[in-house]
Amino acid sequence: TRSTRPQRLLAAVQKNATRGDPRSVVSAIDQFCRQKEWAMNVGDEKGCILDSVVSETNPTTVLELGTYCAYSTVRIASLLPPHSKLITLEFNPDYAKIARQVIAWAGLQDKINLVEGASGDLIPKMKEMFGVNTFDLVFLDHWKDRYLPDTKLLEKCGLLRKGTILLADNVICPGTPDYLEYIRNSPQYESRYFKSHLEYTKVEDGLEKSVFLG
Ligand SMILES: Cc1cc(-c2n[nH]c(CCNC(=O)c3cc(-c4ccc(F)cc4)cc(O)c3O)n2)ccn1
Ligand SMILES: [Mg+2]
């Protein structure tokens, strides 16, 4: 039967990237998506904004919602200091299977815990599963209608601390209007919009960076 797009993306990584070299894995995926097939990775343009937010936050505990093929997982993990932890949640088992292989090719499996399941079910289990107290950085890149309920769930579970950074992809396209309305009007957050484009296109999109004030 015909291969899937994530399988073709993985094949491009294994063909064009160097084992143990996360930057070459990121470039191989971007090249595949620009030259062969579009895929819903955060991409190189928004990826540079992601890199700068991660570098300035210097987080030791990161939560990523929505792994897909682990493009942003690899981007983030390659910037983390030693002994830091990135937990990434993926709902689709086929995506998770590919993501694990991309993470292994990049040589970052020691920094990354990929968990399969729905964010709403898994977030309340973060403390018991990983001994997490609070997250320094949360990257929201999963189902767009889950950004708001999962942010409220993170608050309720005490997983955010004064200064935790929330970085949300796709706030324009596909769009997360209820999340934007909440986070921009809440006295508990200080937000800033980074205008960019939908990955590999000229369509407007952007990242919303919000600091939890506690
Ligand atoms: C743990 C957990 C995880 C998930 C979960 N896991 N993986 C995802 C993927 C979600 N991502 C997207 O849907 C997405 C879509 C577009 C897009 C598509 C088509 C267009 F025409 C234009 C833009 C662009 C993007 O950048 C996106 O990130 N959700 C869900 C629930 N619980
Ligand atoms: Mg996205």
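**Close-up views of the predicted model**

**View 1. Surroundings of ligand 1.** Ligand 1 is surrounded by 18 residues (a residue counts if one of its heavy atoms lies within 4 Å of the molecule), the closest being Glu90, Gly117, Asp141, Asn170 and Glu199. This is a predicted model, in which local features need pLDDT of at least 70 and side-chain atom pairs count only at pLDDT 80 or more, while totals for chains, interfaces and linings use all residues. Residues are numbered from 1 along each chain as its sequence is written, chains are lettered from A and ligands numbered from 1 in the order in which they are written, and side-chain values use heavy atoms, with hydrogens and water left out.

**View 2. Nitrogen and oxygen atoms of ligand 1.** An oxygen atom of ligand 1 lies 2.6 Å from an N or O atom in the side chain of Glu199. For the side chain of Lys144, the distance from an N or O atom to an oxygen atom of the ligand is 3.0 Å. A nitrogen atom of ligand 1 is 3.1 Å from a polar backbone atom of Ser119. Taken alone, ligand 1 exposes 680 Å², of which the protein buries 80% (accessible areas by the Shrake-Rupley method with a 1.4 Å probe).

**View 3. Aromatic pair Tyr68 and Tyr95.** The model holds 5 aromatic pairs (rings of Phe, Tyr and Trp, the last by its six-membered ring, with centres within 6.5 Å; planes under 30 degrees apart are stacked, over 60 edge-to-face and the rest tilted). Tyr68 and Tyr95 pair edge-to-face, at 4.8 Å centre to centre and 85° between the planes. Tyr68 sits in the loop between strand 1 (61-65) and helix 4 (71-77), and Tyr95, 27 residues away, in helix 5 (residues 93-106). Helices (H or I, at least four residues) and strands (E, at least two) are DSSP runs numbered from the N terminus. Tyr68 is buried at 10% relative accessible area, whereas Tyr95 is partly exposed at 25% (buried is under 20%, exposed over 50%, partly exposed in between; 1.4 Å probe, protein chains only).

**View 4. Aromatic pair Tyr147 and Tyr179.** These rings are edge-to-face, 5.7 Å centre to centre with 85° between the planes. Tyr147 belongs to helix 8 (residues 147-156) and Tyr179 to helix 10 (residues 177-185), so the pair ties together parts 32 residues apart in sequence. Tyr147 is buried at 0%, and Tyr179 is buried at 0%.

**View 5. The two faces of helix 10.** Tyr179, Leu180 and Ile183 are buried in helix 10. Viewed down the axis, the buried residues of helix 10 fall within an arc of 95°, so they line one face (the arc is that of the directions from the helix axis to the C-beta atoms). The face turned away from this buried side carries the exposed residues Pro177, Glu181 and Asn185.

Definitions and conventions:
A polar contact is a pair of N or O atoms within 3.5 Å; within protein, one must be able to donate a hydrogen and the other to accept it, and residues adjacent in sequence count only if both atoms are side-chain atoms.
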